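Welcome! Please have a look at the model first.

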Amino acid sequence: MKVDINKLSMLLLQIRLSKGFSQSYMAHRLNISQKAYCYLESGRCKMDLIRFLQILHVTDSAPMCIIKEIVEENAFNNPMEVELNTLKAELGCLIQRVNHLQAHNDFLKNALERLLLLNSEKIVSCKDALD
């Protein structure tokens, strides 16, 4: 198994840009300097697992999708097999993302229902006070 650090750097850059985040914003969210973030993103300094996960959390990215992208298990695989594995990994990432979004949607739905219930209770309370 081989980890492609250059691919990691490119993926982090692409993810950050796709979110519209600047290096300064990322640095602020990670509580580091912009220069330190630049070094992390460019691969000029090593990144530990915690920092990797923090970056993915800020960008709302799935860790396993990124890991699958940067790990090369066998450089001599059949190109069709590599393509199939890539598609399977992408499908897995999409399913993971859908599940994440569904859970987030459920959370927001429950929060909205609680707020509506509280507001309806306040309306009844105010109506009772007026009567």
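## Helices and their contacts

Cys65, Ile66 and Ile70 are buried in helix α5 (residues 63-70), where buried means under 20% relative accessible area with a 1.4 Å probe, protein chains only. These residues lie on the same side of α5 because their arc around the axis is only 125 degrees, taken from the directions from the helix axis to the C-beta atoms. Helices here are DSSP runs (H or I, at least four residues), numbered from the N terminus.

This is a predicted model, in which local features need pLDDT of at least 70 and side-chain atom pairs count only at pLDDT 80 or more, while totals for chains, interfaces and linings use all residues. Residues are numbered from 1 along each chain as its sequence is written, and side-chain values use heavy atoms, with hydrogens and water left out.

| Pair | Angle | Axis distance |
|---|---|---|
| α2 (residues 23-30) and α4 (residues 49-58) | about 120 degrees | 10 Å |
| α1 (residues 5-19) and α3 (residues 34-42) | about 125 degrees | 7 Å |

Axes are lines fitted to C-alpha atoms over the stretch in contact, and angles run from 0 to 180 degrees between N-to-C directions. α2 and α4 are therefore oblique, as are α1 and α3; oblique covers what is left after under 35 degrees (roughly parallel), over 145 (roughly antiparallel) and 65 to 115 (roughly perpendicular).

Tyr25, Met26, Arg29 and Leu30 of α2 touch Arg51, Gln54, Ile55 and Val58 of α4, contact meaning heavy atoms within 4.5 Å. In the other pair, Ser9, Leu12, Leu13 and Arg16 of α1 meet Tyr37, Glu41 and Ser42 of α3.

Conventions
Helices (H or I, at least four residues) and strands (E, at least two) are DSSP runs, numbered from the N terminus. Buried means under 20% relative accessible area, exposed over 50%, partly exposed in between (1.4 Å probe, protein chains only).
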